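Dear colleague,

Please find below the structure that I am handing over to you. The findings follow directly after it.

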Amino acid sequence: KVEESRQKFIMERTGGNITLDCLDMKNKKEGNISGVTVWRKNGETIVVNGTNLKLIRVDKEDSGEYHCLVSGKFAKNFTLQVKHAPVIKTQTFSVKQHPGYPASLTCTVSSMPVPLIRWYHLSNSSSASKLVEYSSTVSIDLVGFKDGMMTSILKLHNVSLENYGKYACNASNELGETSKLYQLEYSPVPVLEFSSGRMNKPVFMLLTLVYLAVR
């Protein structure tokens, strides 16, 4: 029978050194530790000699679930979260829409701990920026923090001429901050939004023809 220790949660800053010890003091005193030690990260076996796993200068890629098994007898689980400054992972930074229709800008952030995400609308005539806040025509949805990822979706329910231009998604935590620029551009025809953020080309062409026909 395998004796399994309680799950251990560890949080460390980027650049720190960590040693994961598969045996507690009781196991070291009572157990036969001459056998093979197997270490796994997120279910995949990693090659390590000995009951200690040393992680040098950790970064966010080292975060995950670690499991070790000694001599087929003692097991231990670790959850490692590496604290790091936010990184914006979004791929699409330009959205087009016709006035009177809804548009969404999506900002996906990798961060540990939880980031503070703000949206700003940049003025076309100066370098000034205005914090975007909730209103009857604007909402900001947050997709729950999971596995070090959080998504903020800026929704403009009824695009008007003053909504066009550049927006900045700003993400910050205790270790730093980052920003990315987005562009909301004018479209001569309505653009239908899908959950994937992209639209099938034939559907777009059909909507365009319908829109032009009823004008």
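Strands S11 and S12 (residues 129-131) pair in the antiparallel sense over three bridges; two strands are said to pair if DSSP finds at least two bridges between them. Helices (H or I, at least four residues) and strands (E, at least two) are DSSP runs, numbered from the N terminus. Within this pairing, Leu122 stands opposite Ser129 in S12.

This is a predicted model, in which local features need pLDDT of at least 70 and side-chain atom pairs count only at pLDDT 80 or more, while totals for chains, interfaces and linings use all residues. Residues are numbered from 1 along each chain as its sequence is written, and side-chain values use heavy atoms, with hydrogens and water left out.

S11 itself spans residues 116-122. Its covered face consists of Ile117, Trp119 and His121, and its uncovered face of Leu116, Arg118, Tyr120 and Leu122. S11 also pairs with strand S15 (residues 165-173), in the antiparallel sense and over six bridges. There, Ile117 stands opposite Ala171 in S15.

The loop between S11 and S12 contains Ala128. Ala128 counts as partly exposed because its relative accessibility is 43%; buried means under 20% relative accessible area, exposed over 50%, and partly exposed in between (1.4 Å probe, protein chains only). Leaving aside neighbours within four places in sequence, Ala128 is in contact (heavy atoms within 4.5 Å) with His121, Leu122 and Ser123.

A further residue of interest is Thr151, in strand S14 (residues 149-156). With a relative accessible area of 15%, Thr151 is buried. Its side chain and that of Thr108 are joined by a polar contact of 3.1 Å. A polar contact is a pair of N or O atoms within 3.5 Å; within protein, one must be able to donate a hydrogen and the other to accept it, and residues adjacent in sequence count only if both atoms are side-chain atoms. Not counting residues up to four places away in sequence, Thr151 touches Thr106, Cys107, Thr108, Asp141, Leu142 and Val143.

For the protein as a whole, the secondary structure comes to two helices and 16 strands. Of its 215 residues, 38% count as buried. Among contacts between residues at least 6 apart in sequence, 63% join residues at least 24 apart. The accessible surface comes to about 13200 Å², of which 53% belongs to carbon and sulfur atoms; accessible areas come from the Shrake-Rupley method with a 1.4 Å probe, and for residues only the protein chains shown count as cover.

Yours sincerely
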